[in-house]
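Good morning, colleagues. Please look at the model on the screen before I describe how its parts are arranged.

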Amino acid sequence: MKVPFKGAIDCDLHPAMPSASALLPYLDDYWRDQLVNRHIDKYSFVLTSYPPGSPLSARPDWRQASGAPAGDLDAIRSQALDPFGSRIAICNVLHGAIALFNDDMAAALCSAVNDWTAHELLDREPRLRASILVPAHDPALAVHELERLADDHRFVQVLLFAMGDALLGRRTYWPIYAAAEKQGLAIAIHAGSTYRHAPTASGWPAHRVEDYVAQSTAFESQLLSFLAEGVFQKFPALKLVLSESGVTWLPTLLWRTNKTWRGVRPEVPWIDRPPAEILREHVRLTLQPLDVPDGRTLARTLEHIGTDRMLLFSTDYPHWHFDGEDVLPDGLSDEALRKLMIDNPLETFPRLREGAAMSDNRGKKQEAVR
Amino acid sequence: MNVPLRHTPASAALAVVDCDIHPAYRSPKDLYPFLPARWQEHMSTFGEHLRQGLSGQLAWPRMMAAGMRVDSFPEQGPPGSDLALMRSQHLDANGVEYGMLMQLSRGGMEERNLEFAAALSRAVNDWQLAAFVEPEPRLRAGIVVPQEDAAFAVTEIERRAADPRFSQILISPRSSDPLGHRRYWPIYEAAQRCNRPIALHVQGFSGGHASTASGWPTYYMQEHYAASSGMQNTLMSLVFEGVFEHFPKLKVVLIEGGFAWAPALCWRMDKHWERMRKEVPHLTRPPSEYVREHCWFTTQPIEEPETPAHLADIIGWIGWDRLMFSTDYPHWDFDDPQHVFKFTLTDEQKRKVFRDNAKALYGLQ
């Protein structure tokens with residue numbers, strides 16, 4: 001169905017990434033020389049997870065006559081912000097810098113992408129917010145980038161990827177979470193792979209559609225990692241946002257971890273209450289691509305999840321998961337829609353609650369903004 | 001888990017088919033009578049050659065008693081090695097009409113030396129009959145074959161095909177390539193020809209890939225869950241590579257990998273297939289239809305929702321004719337047939353899950 005009221009917070013929107021040459025003004029002399037001399041500025045930095053021609057990567061009617069889908073602000077406004085009535089949209093620029101092996105080059109390009117995002121998108125469209133792209137496999141560099149941008153509160157989360165070098169709950173990564181918690185930033189894990197390991201425990205699938213389906217099992221592994229390593233005990237204010245993860249796999253994970261925990265508690269004594277309670281408190285999932293066949297199944301799945309606090313509205317624009325303006329599934333009550341589209345995002349992102357000046361046509365706003 | 005057995009009289013309970021029982025050797029030397037001298041010597045000199053850092057032990061130590069029920073240790077040998085104890089403690093006590101043996105270790109599925117793997121496979125298959133199935137007719141063997149050597153696997157399947165005591169074919173879902181890859185298709189062709197299901201039981205040893213897409217987990221808690229994620233991806237590979245399209249009579253049993261994930265995986269596969277079907281034009285139907293037609297799931301370790309009846313939604317989506325009871329005896333997370341379901345099943349549902357589905361699949365009388 002269409003959005004029934006304006007003012008939604010779109011928690012996953014993908015502006016086209018800049019060309020490498022467009023990043024040159026945001027790089028220092030050394031890296032500018034490196035990019036130009038080595039012809040790195042001619043590389044596309046397209047992630048294997050998101051081939052531009054793939055049907056999933058852009059809806060046909062959102063493809064441009066020239067240039068990339070979601071490639072300019074006019075398209076983002078006329079195709080996403082205006083039709084869905086979003087008062088805020090969080091931009092995730094899926095740039096291939098994170099897949100480089102040279103940590104310093106990755107860090108320089110991540111910084112350039114973030115500065116480009118601030119200058120080209122956030123400065124020009126007040127409805128937009130963004131994620132901080134970081135080279136996660138070098139946590140010290142990632143923390144440096146996070147802190148460099150921390151005072152700009154238009155950045156509301158830190159962007160990590162579902163399949164990477166190592167499971168993200170490991171203590172190696174904790175400095176990123178310490179810094180994020182301190183700065184009021186959520187941690188987002190977005191679908192996508194740097195292919196440092198095979199996407200499945202039995203190796204490399206043949207088809208791209210398999211890589212995409214397998215993302216949900218990568219999210220499962222990441223949740224187990226955050227849980228088992230005790231990240232949520234160590235950082236009690238941290239929110240973990242799973243973006244483009246699908247949602248129907250979640251109930252099984254809640255049930256199974258609750259049961260297994262009863263048998264393995266001595267191994268992970270810091271988990272001091274049923275895992276499902278911890279996950280319901282700390283973890284959020286964006287709506288699209290919603291993997292339910294119909295409204296009735298959705299209702300059962302939401303009951304299985306056991307709370308209406310976990311889902312965050314998203315369009316995943318310009319990725320192709322729905323047609324027309326039917327961004328919402330059928331069968332949700334007005335109250336459920338308000339939570340999904342407004343209350344849950346505000347509760348998840350501390351920095352969105354700061355915006356008292358944000359336009360809002362909803363009477364209950366003051367209650368929601370705590 | 002690890003509570004003393006409640007002595008429910010078996011006569012008061014429904015007879016069950018247990019689709020996951022683990023036999024064991026008293027000692028690896030039990031295999032020697034079935035191994036050529038060359039491989040006996042190899043086994044005692046070099047042992048198994050696996051893809052992990054620790055030799056002769058699990059990389060993620062289990063939570064108690066090496067992953068066994070503490071009451072399942074016989075006076076001699078490991079749990080599962082004493083048929084008399086298996087009978088009194090499990091087969092008789094729980095009214096097991098048929099029990100399907102899952103021989104996981106030293107069957108060659110995870111062995112890197114493929115010649116040794118073949119010798120182990122043949123020996124383990126002979127040993128299952130001699131040690132368990134001949135003295136205990138309620139038990140059924142599985143043809144254990146090394147999936148990485150499909151040519152040998154086909155030979156071994158054909159060698160056993162005329163023997164009705166072998167009910168299915170065991171290969172590892174922790175294979176070196178996803179099981180949908182063509183290098184494994186001769187095994188499926190043989191399975192279809194010999195009318196045996198392919199049994200995929202979760203495996204503790206890798207085929208060369210980390211257990212998650214982001215590398216190795218830290219804790220057993222995670223590795224235990226990864227078995228379930230891995231099973232989903234194995235099923236996904238079989239579907240998208242077109243195995244079920246190519247072998248329309250093939251049947252696959254997914255064992256100890258959980259089952260509550262199956263509906264969600266099917267919805268997810270259907271949704272993305274809809275968008276990406278040009279990449280996989282060899283699929284003529286939505287992925288969920290292949291799963292519904294070709295796949296069976298065993299119950300243990302059963303998922304336990306906070307609201308028990310939610311599991312009935314899941315089984316309804318999978319199909320009550322596709323779920324088969326299993327205990328995982330003698331492992332520590334054994335499910336007791338008297339207590340496995342926390343909601344009320346109809347008599348028909350009970351008959352199907354505890355007995356009739358398995359009897360129909362395996363052709364048991």
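I begin with two strands of chain A: strand E3, residues 128–133, and strand E4, residues 155–163, pair in the parallel sense over 4 bridges. Strands, by the way, are DSSP runs of E of at least two residues, helices are runs of H or I of at least four, and both are numbered from the N terminus; two strands pair if DSSP finds at least two bridges between them. Ser131(A) has Gln157(A) in E4(A) as its bridge partner.

This is a predicted model, in which local features need pLDDT of at least 70 and side-chain atom pairs count only at pLDDT 80 or more, while totals for chains, interfaces and linings use all residues. Residues are numbered from 1 along each chain as its sequence is written, and chains are lettered from A and ligands numbered from 1 in the order in which they are written.

Returning to chain A, an open sheet of 8 strands has the order E1-E2-E3-E4-E5-E6-E7-E8, with parallel pairing. Its edge strands are E1 (8–13) and E8 (311–312), each pairing on one side only.

Next, the helices. H9(A), residues 250–264, packs with H10(A), residues 275–282, at about 135°, their axes 8 Å apart. Axes are lines fitted to C-alpha atoms, for helices over the stretch in contact, and angles run from 0 to 180 degrees between N-to-C directions.

Finally, 57 residues of chain B are in contact with 60 residues of chain A, contact meaning C-beta atoms, placed from the backbone, within 7 Å. On the chain B side, H6(B) gives the most, with 15 residues.

Key:
Contact = placed C-beta atoms within 7 Å.
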